[in-house]
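Hi,

Here is the structure I promised to pass on. Have a look at it first, and then read on for what turned up in it.

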Amino acid sequence: MKKIWVILSSLLVLACAVSAFAGDGSFKRVKSAGAMTIGLDDAFPPMGYRNDKGQLVGFDIDAAEEVGKRLGIKINWQPTAWDGVIHALNSKKFDCIWNGMTITDERKKEVAFTKPYKMDGQVAVVRFADKKHKKLGDLKGAKVGVQKGSSAVEAVKKLPAAAGEVREYEDNPKALLDLESDRLDTVIIDDATGRDFIAKRPGKFRILPGNITKEPFGVAFRKEDVELREAVQKTLDKMVKDGTMAKISKKWFGEDITNPKKWK
């Protein structure tokens, strides 16, 4: 009986090893289809948004398209509501989320991330003419706007003083519209997006000094799709090494924000 159990155990170990060697087939699936579908919020400048012609543009768009080119696959973009984006990924509506998604311990329970490709953080945007709020500590009791499902929801809790009211919006443009109309005191938003809005609307908004949080951006995949994630990661690593990511970064941010040495 003991010998039988030893043989069965050995067969089980061998089967697991063979299975692991065979891989999960996720990259092969995408390669065979000739395309990788990416979920995103298409109103998130400068990471991914629609220009005046309705075309999808942005930092993440350029980076993902280059990865697709190098892997020999087409990139299909699937706009989706951000507050349900992880559920949509795990429901297999697309292959990954590539849209300035902050890597958090909570999200790691549901998805698997690449290494960070950009360091970001949440900031507070106020009206340009607002003289009442000069620093983050001045937001005590303020009416705060955030995007549903975004990192800003948690960032509000890290303000030096408690907000008076927090309103959640479908997207950042709607929150900023309410801020401009004096229905909010501030909008908590990621630094890259906030600066992009300010650059496009000079004299309308400004950012209070200091970051509320420090947040790394990563590409999110289903946990079981290890091979696909590794294929994308290896390609991104090469793009960092050969200067392609720096070039894309300078196009959208005016500087290389993809260099980890600058994140410390």
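A quick definition to start: a residue is buried when its relative accessible area is under 20%, exposed when it is over 50%, and partly exposed in between (1.4 Å probe, protein chains only). By that rule D182, at 53% relative accessibility, counts as exposed.

Some housekeeping. This is a predicted model, where local features need pLDDT of at least 70 and side-chain atom pairs count only at pLDDT 80 or more, while totals for chains, interfaces and linings use all residues. Residues are numbered from 1 along each chain as its sequence is written, and side-chain values use heavy atoms, with hydrogens and water left out. Helices (H or I, at least four residues) and strands (E, at least two) are DSSP runs, numbered from the N terminus.

Back to D182: you'll find it in the loop between α7 (172-180) and β12 (186-190). Its phi is positive, about 70°, although D182 is not a glycine. K92 is in the loop between α4 (85-90) and β6, and at 60% relative accessibility it counts as exposed. There's also a cis peptide bond, with omega about 0°, joining P45 and P46. Why point these out? Most residues other than glycine have a negative phi, and most peptide bonds are trans.

Now the aromatic rings. Rings of Phe, Tyr and Trp (its six-membered ring) pair if their centres lie within 6.5 Å; planes under 30 degrees apart count as stacked, over 60 as edge-to-face and the rest as tilted. Searching the whole structure gives 5 aromatic pairs. In one of them, F59 and Y117 have ring centres 6.2 Å apart and planes at 15°, so they are stacked. This pair links distant parts of the chain, 58 residues apart: F59 is in helix α3 (residues 59-71) and Y117 in the loop between β7 (112-113) and β8 (118-120). F59 is buried at 0% relative accessibility, and Y117 is buried at 6%. Y117 also pairs with F217, this time tilted, at 6.5 Å centre to centre and 55° between the planes. F217 sits in strand β14 (residues 215-221), 100 residues from Y117. Ring pairs join F59, W98, Y117, F217 and F253 into a cluster.

Next, the nonpolar cores. A nonpolar core is a set of buried Ala, Val, Leu, Ile, Met, Phe, Trp, Tyr and Cys residues joined through side-chain atoms within 4.5 Å. The largest one has 29 residues, and Y117 turns up again among those with the most contacts inside it, along with M36, I38, W77, W98 and V232. Which element gives the largest share of this core? That's α3, with 6 residues. Apart from this core lies another, of 14 residues, including A124 and V144.

Last, two helices. The axes of α9 (226-241) and α10 (244-253) come within 4 Å and cross at roughly 75°. Axes are lines fitted to C-alpha atoms, for helices over the stretch in contact, and angles run from 0 to 180 degrees between N-to-C directions. Under 35 degrees counts as roughly parallel, over 145 as roughly antiparallel, 65 to 115 as roughly perpendicular and the rest as oblique, so α9 and α10 are roughly perpendicular. L236, M239 and V240 of α9 meet T244, M245 and I248 of α10, where contact means heavy atoms within 4.5 Å.

Cheers
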